[in-house]
Structure formats: C-alpha cells, structure tokens
Amino acid sequence: MSVKSLPLTDELHEYLVAHGSPPDEIVRELVEETRAALPAEAQMQVAPEQAALLTFLARLVGARQAVEVGTFTGLSSLAIARGLADGGRLTCFDISAEYTSVARRYWARAGVDDRIELRIGPAADGLHDLPHERYLDFAFIDADKVGYPVYWSELVPRMRPGGLIAVDNVLRDGRVLAPQDEADRAIAAFNDEVLADVRVDLVMLPVADGLTLARVR
C-alpha cells in the first residue's frame, strides 16, 4: 500500500489549523455568523485551513488580477484579497445578493473591500464578458458543480502562463467514486476533463472536500 494522507480527527484538525496561519478574529466571527444564520448552507463555506491556503497561494503567485466564482458569505474572497499584491483586484461572481451582503460587511471590516468587485448574476455570462486576453494570475472556482466545465473553459484561456486555478469540492465527500446525483456526476466528469487538459499541470489535494490546483502552461 502506498503512503497516503493522514486521516484527520477533530482534535488533529484543530491542531493543524492552529499551527498554520490560524484564523484571526474577523475570520472566526464570519465563520460563526455563517453557521448561526445559515445552518443549512454553512457547509458551503471553505474550511479555515483552506482559507489560509488561498491567501498563501495568492501571495505565492504574486496575484494582481484574480477571479472568484462563487462567493457565498465571503470567507474565500476575504482570504484571496488578503493575499493580493499591492494594487491587486479580485472580481467575484455570485447570484445571491443576500449571502454576499454578509461578505460585504466582513470585507469592509478587514479593510479589503476596495480590492474587491462583486458582480451579481450568472457567472458564465460574467466570465464571458471579461477581457479576452491572458491577464489573470489566480482564480478560484467554488459554485454550482454542474457549471464547473463552463467556468473552466472561460477561465483557462484568460490565465497568464504560470497562473493558478484552484477548484473546490472535487471529491464530493468521496462520492466521485460512486456518484449519487447530478452534481456528483458533473464533478466526476469534470475531474476527468481537467486531467486530460494539456494546457495545465495539476495536482488534486485532500484539503477539505478536495482541492485541485492547476498551473496554466
């Protein structure tokens, strides 16, 4: 049997978060408010270690132009915005003015609201309207799973060489092995499509619900 990632108990997960850029007060309060106000949807929020990783990755690639597809209450966008280089801009696409109203409050509290442009409406249309040139440094996809292939097809041609795309929920709680619904089947097919895409180098990580990182060639 090959060596594989260590299963995380709750206690080990707490240790991991505490020893890798632990959440500050703003992040903790955003997580708590989301769980309290939206208990049925709170699982849509990225994990705390995932948020720290997004900040780290944005800094690592020196991101000045970034895109997020699927904002929810704003934890991932807050994390990405904190990792942007001076003068950097993050364009967020989401369909919910209600959920993103929470995001706007926390962006302002964190002092990153001037770096973020929120566009309410279908992300496929919004991405299609972006400049048709290779200018994006970083992108994060975390929206409706059936739409992933469209988001991917719009983003990859707009990424600069060496730009990074992060894609969330690529394991579907393990159901990619035996898809149970349309979203599961869509992600399983998407993962195969990305694997065959010669425009990128990629790795799939067992972070949260699975995170694919794709470096555009």
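## Burial and surface

Of the 217 residues of the protein, 49% count as buried (under 20% relative accessible area, with a 1.4 Å probe and protein chains only). The accessible surface is about 10900 Å², and carbon and sulfur atoms contribute 55% of that area (Shrake-Rupley method, 1.4 Å probe).

This is a predicted model, in which local features need pLDDT of at least 70 and side-chain atom pairs count only at pLDDT 80 or more, while totals for chains, interfaces and linings use all residues. Residues are numbered from 1 along each chain as its sequence is written, and side-chain values use heavy atoms, without hydrogens and water.

## Overall fold

The protein contains eight helices and seven strands (DSSP runs, H or I of at least four residues and E of at least two, numbered from the N terminus). Its radius of gyration is 16 Å, close to the 17 Å that the globule rule gives for 217 residues, so the protein is as compact as a globular protein of that length; the radius is taken over C-alpha atoms, and the rule is 2.2 Å times the number of residues to the power 0.38.

The C-alpha trace spans about 45 × 40 × 30 Å along the principal axes. Among contacts (heavy atoms within 4.5 Å) between residues at least 6 apart in sequence, 70% join residues at least 24 apart.

## Helix H8

The buried residues of H8 are Ala183, Asp184, Ala186, Ile187, Ala188, Phe190, Asn191 and Val194. These buried residues pack against helix H7 (148-155), strand E5 (159-168) and strand E6 (200-205).

Notes:
Buried < 20%, exposed > 50% of the residue type's maximum accessible area, 1.4 Å probe, protein only.
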